[in-house]
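This briefing covers pockets, cavities, helix packing and backbone geometry. Please read it alongside the sequence and the model.

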Amino acid sequence: MDWRSLDEQYIVSTYKRLPIAIAKGEGNYLYDTNGKSYLDLFTGLAVNVLGHSHPRILKALHEQGEQFLHISNVFLNQPAIRLAQRLVEQTITGKVFFTNSGAEATEAAIKLIHKWTKAEGAGREGIVVLRNSFHGRTLGAVRLTRQAHVYQDFPQPAFPVYELDAEDSEGLRAICQSAKPAAVLMEPVLGSGGVVPLTEAFLREVEAVCQEEGMLFAMDEIQTGMGRTGKLFAYQHAGVSPDLILFAKGVGGGLPLGGVIAGTKLMNQFKPGDHGTTFAPSPLSAALGNAVLDELLEPGFAAGVNEVIEYLWAGLEALRARMPEQLQALRGKGMMVGIPLSVTPDETSRLQSELLAEGILVDVTQKTIVRLLPPLTLTKGDVDRFLEVFTRQLTAAISAKEAL
Ligand SMILES: *Cc1c(COP(=O)(O)O)cnc(C)c1O
């Protein structure tokens, strides 16, 4: 069967695909239909935080699958209630609204912020976001996504949006002098915007301005959450306390699930009928979410992850010290790594193909940044394997270029 041409014939081509078909995933590895294995440093774009076929996830899948898959929001949903309680207990006092995806979490956030604006926003309206932000692909989320290639061909909902540079807290004060935004929304580490972590000092400054001005402080933790940066949510490194937290990607253990944790100012803004969705929270996704949390909150798990994070970054920094002309300053936090290369986009994509041929799966963002989103179950052996192949392929790419 020629799956590639059938794919081209029948599926709208919104993604550039890699030339392999996956047959199976196990632990930190994927296996293609020819049996070749790949170290998965992509994890379905930060979704499979525990790698593939994790025993705890498979157990939850079977147990919940045998009970029921869908019941709708007119019934109590025990796996979802338990998950919401645990997410709140690990973050801020509040309540959870569940969605099926990250973009829907952003939509819920926009609606919640507007309900707050109407009820008690005292003339405040609109949202401050960062340049190069990414908050999703639905129209409201695209309005907040400040990357031209994402929004330029589509209609823009009319609410005000203010664009701020990362680290520019003076810029935020300036916006607040000429306008009255209702909220600030930012990713603690800009993901598709180039794997740019915000400093803890900047996050604390933004929180302070929000408090002074009476604005809501919202964090998009869709990619950074569920342990990816070494804490359950990335904002927790800075010791700040947001009013609203968006989550998705890893939370459903591989199944679609997202949502917002709405703090005390927002948790009672939605009344029955104000917002809703047929599917979310899927009891099955929620059961898997609980299995993910069981593992992440296991004593010693976070310490183990942080040990491998340190090992990974030390290895990458050593490589960068050896090849300062080919590698620019590393970016990211924890298991979210950007390796900016001083080569062309074509050379970067060739390097990605060479790595794939050697059984290593990495992502590329912003054309020349190799992006790693490894599972939290990454081992030091996996790190060694990646660094060995990456160093060799990078060196080969350079000597090929010099031979020209
Ligand atoms: C992936 C992502 C989204 C969108 O999530 P979807 O599930 O793809 O709709 C929003 N914000 C951030 C930071 C993301 O990484």
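Which hand does the crossing of α11 and α13 have? The crossing of α11 and α13 is right-handed, where right-handed means that the near helix is turned clockwise from the far one by less than a right angle, and left-handed that it is turned anticlockwise. This is a predicted model, in which local features need pLDDT of at least 70 and side-chain atom pairs count only at pLDDT 80 or more, while totals for chains, interfaces and linings use all residues. Residues are numbered from 1 along each chain as its sequence is written, and side-chain values use heavy atoms, with hydrogens and water left out.

**Helix packing**

- Helix α11 (residues 301–322) packs against α13 at an angle of about 15 degrees, with the axes 10 Å apart; axes are lines fitted to C-alpha atoms, for helices over the stretch in contact, and angles run from 0 to 180 degrees between N-to-C directions.
- α11 and α13 are therefore roughly parallel to each other; angles under 35 degrees count as roughly parallel, over 145 as roughly antiparallel, 65 to 115 as roughly perpendicular and the rest as oblique.
- Helices (H or I, at least four residues) and strands (E, at least two) are DSSP runs, numbered from the N terminus.
- Helix α8 (residues 169–178) and helix α9 (residues 200–213) pack at about 15 degrees, and their axes are 10 Å apart.
- That angle makes α8 roughly parallel to α9, and the crossing of α8 and α9 is right-handed.
- For helix α3 (residues 55–67) and helix α10 (residues 283–296), the axes come within 9 Å and cross at roughly 150 degrees.
- α3 and α10 are therefore roughly antiparallel to each other, and their crossing is right-handed.

**Largest pocket**

- The largest pocket has a volume of about 1,800 Å³.
- On a 1 Å grid over the protein atoms alone, a pocket is an open set of points with protein on both sides within 12 Å along at least five of seven lines, a cavity is a set where a 1.4 Å probe fits but cannot get out, and lining residues have an atom within 4 Å of a point.
- Grid points are joined across faces, edges and corners, and a volume is the space filled by probe spheres set on the points.
- The lining of the largest pocket consists of 49 residues, of which Tyr 15, Leu 45, Asp 363, Val 364 and Arg 371 lie nearest the centre.
- Two or more lining residues come from each of α2 (43–46), α5 (102–120), α7 (148–151), α12 (345–357) and β16 (363–365).
- α12 supplies the largest share of this lining, five residues.
- By class, the lining of the largest pocket has 20 nonpolar, 19 polar and ten charged residues; Ala, Val, Leu, Ile, Met, Phe, Trp, Tyr, Cys and Pro count as nonpolar, Asp, Glu, Lys and Arg as charged, and the others, Gly among them, as polar.
- At least three residues of this lining come from each of domain 1 (3–54 + 301–403) and domain 2 (56–296), with bounds from an automatic or database domain assignment.

**Second largest pocket**

- The second largest pocket holds about 360 Å³ of space.
- Its lining has 18 residues, and Glu 347, Ala 397, Ile 398, Ala 400 and Lys 401 lie nearest its centre.
- The elements giving two or more residues to this lining are α12 and α13 (380–403), and α13 gives the most, with eight residues.
- Nine nonpolar, three polar and six charged residues make up the lining of the second largest pocket.

**Cavities**

- Two cavities of 30 Å³ or more are present in the structure.
- The largest cavity contains about 50 Å³ of space, and residues lining it include Pro 188, Val 189, Glu 200, His 237 and Lys 333.
- Six nonpolar, one polar and two charged residues line the largest cavity.
- The second largest cavity has a volume of about 40 Å³, and its lining includes His 70, Asn 73, Phe 279, Ala 280 and Pro 281.
- The lining of the second largest cavity has five nonpolar, five polar and no charged residues.

**Backbone geometry**

- Most residues other than glycine have a negative phi, and most peptide bonds are trans.
- The peptide bond from Ala 280 to Pro 281 is cis, with omega near -10 degrees; Pro 281 sits in the loop between β12 (258–263) and α10.
- Thr 43, found in helix α2, has a positive phi, near 45 degrees.
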